2 protein chains.
Amino acid sequence: MSTTIKDIAKLLGISPGTVSRALQKSPRVSKETILRVEEAAKKLSYRPNITAQRLVSGKTHNIGVILSKDIREYTSVQLFNSIILNGILEVAEAHNYNLNFAIDSQEEKQGALYRIVQNKDVDGVLIINVVNEDILASLRTNGIPVVLIDNHFDNRSEYAVNNDDRIGASIATKHLISLGYKTIGMIGINEETFHRECLSGYLQALAECGLRADPRFVLKGWGSTHSAYEITWNILKQNRFPRAFFVVTDEMAIGVIRAVKDFGLSVPRDIAVVGMDDIPLLDYVDPPLTTMRIYIAEMGRTAVGMLLGLIQGHYQGNTQIAIQPKLIVRKSCGSK
Amino acid sequence: MSTTIKDIAKLLGISPGTVSRALQKSPRVSKETILRVEEAAKKLSYRPNITAQRLVSGKTHNIGVILSKDIREYTSVQLFNSIILNGILEVAEAHNYNLNFAIDSQEEKQGALYRIVQNKDVDGVLIINVVNEDILASLRTNGIPVVLIDNHFDNRSEYAVNNDDRIGASIATKHLISLGYKTIGMIGINEETFHRECLSGYLQALAECGLRADPRFVLKGWGSTHSAYEITWNILKQNRFPRAFFVVTDEMAIGVIRAVKDFGLSVPRDIAVVGMDDIPLLDYVDPPLTTMRIYIAEMGRTAVGMLLGLIQGHYQGNTQIAIQPKLIVRKSCGSK
DNA sequence: TATAAAAATACAAACGATTGTAGCAAATAG
DNA sequence: CTATTTGCTACAATCGTTTGTATTTTTATA
């Protein structure tokens, strides 16, 4: 079908082995031959057969990327994944690695995921967002390096890159404090580790500033805008509510704002709100939402770098890397 | 390293060829041997080496997915891609195909894209959103089937699946008309084919209902919320403006709404707005945005189906498939 | 000029499967 | 009881590379 190394060899009257070495510019073959081979290769528009190369090298040059299944539940997860993928792609491409995607469908043990892993069709794996212990175990027994991204996973022995949620929560809360708010609530999420990290940052910020946390004001939604709306509405009805909220995702923060407005109060006059993520169009929310910007693509890039190091066996850095978020001030907290 | 067909052969004292056939349940091998082989395979936890299989079959079982580079420009493109990817993944997985992603970086001819294509590392290619004629040509000379998704590309000879933008524009416009609006503008986008389709649907709807289009009211933005904001603001200043707008993307529609509000007018009382896309959180825009929902994941699924048919050489359907969008009524157009 | 050393190339065995052909039983036919 | 068919299985080539070893050619040395 297409030109192989043998065609070049035949054309030039030399052996395939030499052609192979010439193509690799091996010092074992004369400069002249290298030149002739390269010329012939170009003339025949030769392209190496990657599959064959893989067979002998035992390396696939593939990176598996496992995404969470419940992608449809949280719209911003979609966006998150998309951006992270960009980061990943960017550096994977630069290193000549391909990406193989698979969705983690917890149920069916027949999915692409298992196929990829068990078939050793990847040199390493990136797991985004969710952790499936089965997969992790399978990966480990197969000796395939893994790095977790945005996993909110507790095990410190896993390689992972995450947003620094604790710091994020702390900075957000301190921003509120610096604006003079004394009663600050938090609306978290129904995801254990993530929630714990946020809570810890939130509490620490309060403590450092000599403020007391009121347990009645730390709530938990399940991620959707709507859930945050309901939670907020409920607390508003009770007549005792804080003057500000740190909300752990923008998507929920939008629900909070809407609830406050629907309740007849004003943001930020009556209640200030900070979110986290920095999803698009926040400038067009009313009022524009102040938030902690998470560097998603950067997380992806970092993770691939780590994984590549692991694959090539020369990674020396920490097992856990936390990317620092940044406060983006808009109008939902008012100003001094 | 890991168990091969030979290990099984050795263990059972039979030949590798027979093992291979047994694993394929070939009628040429006895039921008994098949059973013994399967047992041994399980015991040794044998997994076929895909690379080797690929080498002999000549099929990669990979589908290349080309994404557009300018992903950072339009935030909703990110989301769009992510959703489409889900659709693609879903059916690719079901057919045991892997996905190989590459970003179309028009400039550098060295990118992963060219690597994938020229190295014939894919059985077929999906191109999302943007068309690079070079790639297309390269693909064609290599005999690799391609299907374009959301490409807004004119060439009817290319296999493609798109949203039916013309119909979308027409339905949106007619919705406005049915609500009694007589002067209806359109805010389009700086992308030739897409704009043309929308314009055609918009004009057709007006014509069918006996309304005249006012050329002063068909405008063009470059996609961002901000660009739509400015356009709207400008036309508002001129004191002559339509009572309703069909805006070709939600992202821009949000800019329109904001401009109208900032100008001191009301949506939908003074100006009604319909968007297109149905991006997330539209229920939380103020007022909630009526829009044409595009079935993005469905486009992805359809495209893969088409490509697979092409790869396997039995595709019989149309070269062009248009997915029908659907009107989602919220509050930005008022009601009768 | 014979000879050792160095340089360039050829040969052949891998990598892990698939598959056409050949071989050897046992079963059936004459 | 030989001849032919049938059912299984073994052998070996193949896919397109890479790479260790052997061989040839060239160059330098004595």
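Leaving aside neighbours within four places in sequence, with which residues is Glu158(B) in contact? In this predicted model, Glu158(B) has Leu136(B), Arg140(B), Leu148(B), Phe153(B), Thr319(B) and Gln320(B) as its contacts beyond that sequence range (contact: heavy atoms within 4.5 Å). Glu158(B) is part of the loop that runs between strand S4 (146-149) and strand S5 (160-163) of chain B (strands: DSSP E runs of at least two residues; helices: H or I runs of at least four; both numbered from the N terminus). Glu158(B) counts as buried because its relative accessibility is 7% (buried: under 20% relative accessible area, 1.4 Å probe, protein chains only). Its side chain forms a polar contact with that of Arg140(B), at 2.7 Å (polar contact: a pair of N or O atoms within 3.5 Å, within protein one able to donate a hydrogen and the other to accept it, with residues adjacent in sequence counted only if both atoms are side-chain atoms).

Around DNA strand D there are 26 residues, of which Ser20(A), Arg21(A), Arg28(A), Arg28(B) and Thr33(B) come nearest (near: a heavy atom within 4 Å). Sugar or phosphate accounts for 57% of the DNA strand D atoms within 4 Å of the protein, and bases for the rest.

Residues are numbered from 1 along each chain, and chains are lettered from A in the order written. Local features require pLDDT of at least 70 and side-chain atom pairs 80 or more, whereas totals for chains, interfaces and linings use all residues; side-chain values use heavy atoms, without hydrogens and water.

Technical notes
Buried means under 20% relative accessible area, exposed over 50%, partly exposed in between (1.4 Å probe, protein chains only).
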